[in-house]
Amino acid sequence: MKERIEQLLEEVSAYKASKLDEVEQLRIKILGKKGELKELFSSFKTVASDQKKEVGLLLNKLRNKTEEKIVELTSSFAQKEDDGDSFLDLSLPISDDNLGSRHPLSIVKNEIIDIFSRIGYSISEGPEIEDDWHNFSALNFPKEHPARDMQDTFFIDKENALRTHTSSVQVRVMENSTPPIRTISPGRVFRNESISARAHCIFHQVEGLYIDKNVSFADLKQTLLYFAKEMFGDKTEIRLRPSYFPFTEPSAEVDVSCIICSGKGCNVCKHTGFLEILGCGMVDPNVLENCGIDSKVYTGFAFGMGVERIAMLKYQINDLRMFFENDVRFLNQFKSTI
Ligand code: DAH
């Protein structure tokens, strides 16, 4: 019996495993219910009494050595797994249970950026906390203009407010660069509005600006037609209606032919056949001069659109609040759109 135990002790200390399974095999062989130890203990009674002490010690040694070996081999496998060693089965298919989806506003914003990048527009950004000059004064807002009113603007102090539109970025770009300028500015804007299905106090805009020699209203119209077709489909038409913005002259509001009824008239377009998507115009010479650009040499156009508005039309979402609630049942519907 002594020899048998010593033989097993040697076997255990020399034991090597190439997989976790083989460690388990060792455990079963020595420590298992029908294992060697069990068997040896049950024949312990046959050992001569003067040998009992020695054999008993050997049996305990075998149990301890086996347990130590199992711990040692198991932890070496755990280590390998951490190291990303070959123990990892890289051929297993990955589980995609936890993949998130891109937010619809990001999808639309990225699409707008893509469309304008293809015709050479760069991206510029500006601060969300703006001073009066960049948000209003440089953009030709008269001192008493209602947009400066407390009801629309979140003021921080007398001089600074949360920007009410991304047009503030066009001022910063013009101040800091020389034409030709061709840029779009996506970003968050803030207005003191009560939250409803159609309005929110935080929303997103993309501003566009093109300044060079001889830029005309025809260039503006063609650029916006290109944008509308890329965004809503090749059959889309646009319509420009005269409007007023302090920073553009002339100014216009732009409608696209209804993407639901293609202009025939439906509930979505309130039977007009058209949907308003953005404001635009030729940059007012006062604004160019305010930003250090010679209005006798350069002309340009600007436009501004709401990302929520475009997303609502594109995905037929009729409540703006959906974008901010982040209900996963809503967000999951955009998984395939990425
Ligand atoms: N800033 C305007 C707004 O928030 C949108 C806008 C209109 C931007 C006309 C422009 C523009 O650049 O030319 O309502």
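So, how do H5 and H10 lie to each other, roughly parallel or roughly perpendicular? Hold that thought for a moment. What we have here is a predicted model, and I'd like to start with the overall layout.

The protein comes in two domains: domain 1 covers 2-85, and domain 2 runs over 104-334. Between their centres, taken over C-alpha atoms, there are 75 Å.

Okay, back to the helices. H5 is residues 104-117 and H10 is residues 307-315, and they pack with their axes 9 Å apart, at an angle of about 100°. Angles of 65 to 115 degrees count as roughly perpendicular, so that's our answer: H5 and H10 are roughly perpendicular to each other. Who makes the contact? On the H5 side you'll find Pro 104, Leu 105, Ile 107, Val 108, Lys 109, Glu 111 and Ile 112, and H10 brings Val 307, Glu 308, Ile 310, Ala 311, Lys 314 and Tyr 315. Sort those by class and you get nine nonpolar residues, four charged ones and no polar ones.

Now, H10 shows up again at the largest pocket, as one of the elements giving two or more residues to its lining. That pocket holds about 1,500 Å³ of space. It has 48 lining residues, and the closest to the centre are Phe 203, Glu 276, Ile 277, Gly 306 and Arg 309. Besides H10, strands S5, S6, S7, S8 and S9 each give two or more residues. Which one gives the most? That's S8, with seven residues.

Methods: Residues are numbered from 1 along each chain as its sequence is written. This is a predicted model: local features need pLDDT of at least 70, side-chain atom pairs count only at pLDDT 80 or more; totals for chains, interfaces and linings use all residues. Side-chain values use heavy atoms; hydrogens and water are left out. Domain bounds come from an automatic or database domain assignment. Axes are lines fitted to C-alpha atoms, for helices over the stretch in contact, and angles run from 0 to 180 degrees between N-to-C directions. Helices (H or I, at least four residues) and strands (E, at least two) are DSSP runs, numbered from the N terminus. Angles under 35 degrees count as roughly parallel, over 145 as roughly antiparallel, 65 to 115 as roughly perpendicular and the rest as oblique. Contact means heavy atoms within 4.5 Å. Ala, Val, Leu, Ile, Met, Phe, Trp, Tyr, Cys and Pro count as nonpolar, Asp, Glu, Lys and Arg as charged, and the others, Gly among them, as polar. On a 1 Å grid over the protein atoms alone, a cavity is a set of points where a 1.4 Å probe fits but cannot get out, and a pocket is an open set with protein on both sides within 12 Å along at least five of seven lines; lining residues have an atom within 4 Å of a point. Grid points are joined across faces, edges and corners, and a volume is the space filled by probe spheres set on the points.
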